[in-house]
Amino acid sequence: MLNYFCVMGKKLSIDDAAEELRTGRLSPPELLSELVCTNTALRRASRRLGQLYDDAVAPTGLKATQVGLLTQIAALREGGHPWPTLQSLAERLAVSISALTHALRPLVRDRLVELVPDEHDGRTKHAMLTRSGEHRMHEALVHWADANQRVEVVLGPSAAALRTLADDVASPEFLEAYEARRSLKG
């Protein structure tokens with residue numbers, strides 16, 4: 001467990017750093033410039049990749065996040081499974097139900113996805129791709145594949161390691177390890 005870190009040449013505990021911030025002896029930019037911030041680095045990389053994929057799928061009228069959502073709905077349907085519930089889809093995407101319904105709104109409006117009540121429990125809804133949704137998803141995946149291949153070429157072998165790391169961070173095991181303040185691998 002990390003108890004101390006180095007800020008401007010001084011070894012500080014988390015509590016000491018907080019006190020330095022409260023008293024004004026250390027400014028937030030000074031603290032952040034000294035700390036390795038995984039969140040900032042991942043968000044910056046995510047924005048860059050997101051823009052590249054958004055640009056790639058733009059001819060289809062979709063955003064990369066929407067293509068990802070359509071493909072996740074289709075993936076959960078594979079093997080003859082019923083259309084996914086919003087709950088199972090939200091869990092798969094590691095988002096809240098409210099964030100999912102917000103993301104689905106334009107896809108429902110454009111008739112690419114239909115929300116169908118469960119036959120046994122009307123409160124439960126299933127996300128179903130329409131024919132138009134399947135067609136648009138297939139069209140977008142052609143553009144997506146081209147962008148993905150270009151990213152793979154640029155990153156080389158690091159691409160696989162990046163995906164593995166991202167999957168680890170998105171896993172329930174990561175959250176458990178984080179909450180327990182222990183290593184994911186140990």
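A salt bridge here is a side-chain nitrogen of Lys or Arg within 4 Å of a carboxyl oxygen of Asp or Glu. With that in mind, a search of the whole structure, which is a predicted model, finds 6 salt bridges. The views below start with some of these pairs and then move on to helix packing and backbone geometry.

**View 1. E19 and R22 pair within helix 1.** Side chains of opposite charge can pair when their charged atoms come close. In the salt bridge between E19 and R22, the closest N and O atoms are 3.2 Å apart. Both residues belong to helix 1 (residues 14–23), where they sit 3 residues apart, about one turn of the helix. E19 is partly exposed at 34% relative accessibility, while R22 is exposed at 61%.

**View 2. R25 forms a salt bridge with E20.** Here the closest N and O atoms are 3.4 Å apart. R25 is exposed, having a relative accessible area of 52%.

**View 3. D110 reaches its sequence neighbour R109 through a salt bridge.** The closest N and O atoms of this pair are 3.0 Å apart. D110 is partly exposed, at 36% relative accessible area, and R109 is exposed, at 59%.

**View 4. Helix 4 meets helix 6.** The axes of helix 4 (residues 64–77) and helix 6 (residues 97–109) come within 10 Å and cross at roughly 100°, so helix 4 is roughly perpendicular to helix 6. Helix 4 brings Q66, L69, L70 and I73 to the contact, and helix 6 brings L100, A103, L104, P106 and L107. Sorted by type, the residues of this contact are 8 nonpolar, 1 polar and no charged.

View 5. Look for L86, L89 and A90, the buried residues of helix 5 (residues 86–93). Just after helix 5, A94 adopts a positive phi of about 60°.

**View 6. R111 and R181 take positive phi values.** Most residues other than glycine have a negative phi. R111, although not a glycine, has a positive phi of about 60°; this residue lies in the loop between helix 6 and strand 3 and is exposed at 64% relative accessibility. R181, also not a glycine, has a positive phi of about 55°. You will find R181 in the segment after helix 9 (172–180), exposed with a relative accessible area of 60%.

Technical notes: Residues are numbered from 1 along each chain as its sequence is written. This is a predicted model: local features need pLDDT of at least 70, side-chain atom pairs count only at pLDDT 80 or more; totals for chains, interfaces and linings use all residues. Side-chain values use heavy atoms; hydrogens and water are left out. Axes are lines fitted to C-alpha atoms, for helices over the stretch in contact, and angles run from 0 to 180 degrees between N-to-C directions. Helices (H or I, at least four residues) and strands (E, at least two) are DSSP runs, numbered from the N terminus. Angles under 35 degrees count as roughly parallel, over 145 as roughly antiparallel, 65 to 115 as roughly perpendicular and the rest as oblique. Contact means heavy atoms within 4.5 Å. Ala, Val, Leu, Ile, Met, Phe, Trp, Tyr, Cys and Pro count as nonpolar, Asp, Glu, Lys and Arg as charged, and the others, Gly among them, as polar. Buried means under 20% relative accessible area, exposed over 50%, partly exposed in between (1.4 Å probe, protein chains only).
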